[in-house]
Amino acid sequence: MKKEDKSVIIEQLESTIQSYAHFYLADIGGLNAEDTSQLRRSCYKQDIKLVVVKNTLLKRALENSGVDFNELYGSLKGETSLLLSNNGNAPAKLIKDFSKTNKAKKPVLKAAYVEESFYIGENQLETLISIKSKNELIGEIIGLLQSPVKNVVSALQSGGTTIHGVLKTLSER
C-alpha cells in the first residue's frame, strides 16, 4: 500500500472515530461469510458502524486524534474490528448476543472506550452491558425528582375529595 493511501485511510479513521462517542475493539476473525454478513446486518439495525482495520493504521489514527489512547494500544494485536456507536452499551449487547449464536464464539471483545473510560479485556463485557448512557441517567434523576412532587399532588387531590365528602355529609345532616 502506498504512503498516500495509508494517510487517506488514517484521516478517514480519525474522522470516523471523532464522529462517534464510543468505540469497541473486537476480534471477528474466524467468522465465515454468512456470519460476517449477519453481523453487519445486526450492526446496521442497531446503528453501530463496523469497520475492519489494520492495527498500525488504527494506532496512527488514535495517536492523531488528540486523546491519549495509550491503554488501548496493547489490544491492537491479531485481527481487529472497530465497532462505533453513540450508545455506550449497544455494541457490548451485540457482541454478547451474537457470540452466543455462532459456532466460532465471535466477536470477542478486546477493548472499549466508553463514557471517556477504558475497558480492557473480554472480562469487561458484562460491565459494559450494564453501563447506562448519560441520557438514561438524566432520565432516572428526573423521574426520582418528580416522584415526591407527584405523591404530594395526588395526596392533596385525594384529600380534597375526602374533605369535600365529609363536609357534604355534615351539611346534609
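Please keep in mind that the model is predicted.

I start with the aromatic rings. The structure holds 5 aromatic pairs. One of them joins phenylalanine 23 and phenylalanine 69, edge-to-face, with 5.5 Å centre to centre and 65° between the planes. Phenylalanine 23 sits in strand E1, residues 22-27, while phenylalanine 69 sits in the loop between H3 and strand E3 (80-85), so this pair ties together parts that are 46 residues apart in sequence. As for cover, phenylalanine 23 is buried, with a relative accessible area of 1%. Phenylalanine 69 counts as buried too, at 3% relative accessibility.

Phenylalanine 69 has another partner. Its ring and that of phenylalanine 118 have centres 6.1 Å apart and planes at 90°, so this pair is edge-to-face. Taken together, ring pairs link Phe23, Phe69, Tyr113 and Phe118 into a cluster.

Next, the salt bridges. Side chains of opposite charge can pair when their charged atoms come close. How many salt bridges are there? The count comes to 3.

In one, the side chains of lysine 106 and aspartate 27 meet at 3.0 Å, N to O. Lysine 106 is in the loop between helix H4 (90-101) and strand E4 (108-114), and aspartate 27 is in strand E1, 79 residues apart. Both residues, lysine 106 and aspartate 27, are buried.

In another, glutamate 126 bridges to lysine 96, with the closest N and O atoms 3.0 Å apart. Glutamate 126 lies in helix H5, residues 125-130, and lysine 96 lies in helix H4, so parts 30 residues apart in sequence are tied together. Glutamate 126 is partly exposed at 47% relative accessibility, and lysine 96 is partly exposed at 26%.

There is also a salt bridge between glutamate 140 and lysine 132, at 2.4 Å, N to O. Glutamate 140 is partly exposed, at 38% relative accessibility; lysine 132 is partly exposed, at 38% as well.

Last, the surface. Lys3, Lys6, Lys54, Lys59 and Arg60 form a positive patch. Which helices each supply at least two residues of the patch? They are helix H1 (3-18) and helix H3 (55-64). Lysine 3 is placed in helix H1, and lysine 3 counts as exposed, at 71% relative accessibility.

Definitions and conventions. Residues are numbered from 1 along each chain as its sequence is written. This is a predicted model: local features need pLDDT of at least 70, side-chain atom pairs count only at pLDDT 80 or more; totals for chains, interfaces and linings use all residues. Side-chain values use heavy atoms; hydrogens and water are left out. Patches are made of residues with over 30% relative accessible area and no salt bridge: like charges are joined within 9 Å, nonpolar side chains (Val, Leu, Ile, Met, Phe, Trp, Tyr) within 5 Å. Accessible areas come from the Shrake-Rupley method with a 1.4 Å probe; for residues, only the protein chains shown count as cover. A salt bridge is a side-chain nitrogen of Lys or Arg within 4 Å of a carboxyl oxygen of Asp or Glu. Lys and Arg count as positive and Asp and Glu as negative; His and the chain ends are not counted. The place of a charge is taken as NZ of Lys, CZ of Arg, CG of Asp or CD of Glu. Helices (H or I, at least four residues) and strands (E, at least two) are DSSP runs, numbered from the N terminus. Buried means under 20% relative accessible area, exposed over 50%, partly exposed in between (1.4 Å probe, protein chains only). Rings of Phe, Tyr and Trp (its six-membered ring) pair if their centres lie within 6.5 Å; planes under 30 degrees apart count as stacked, over 60 as edge-to-face and the rest as tilted.
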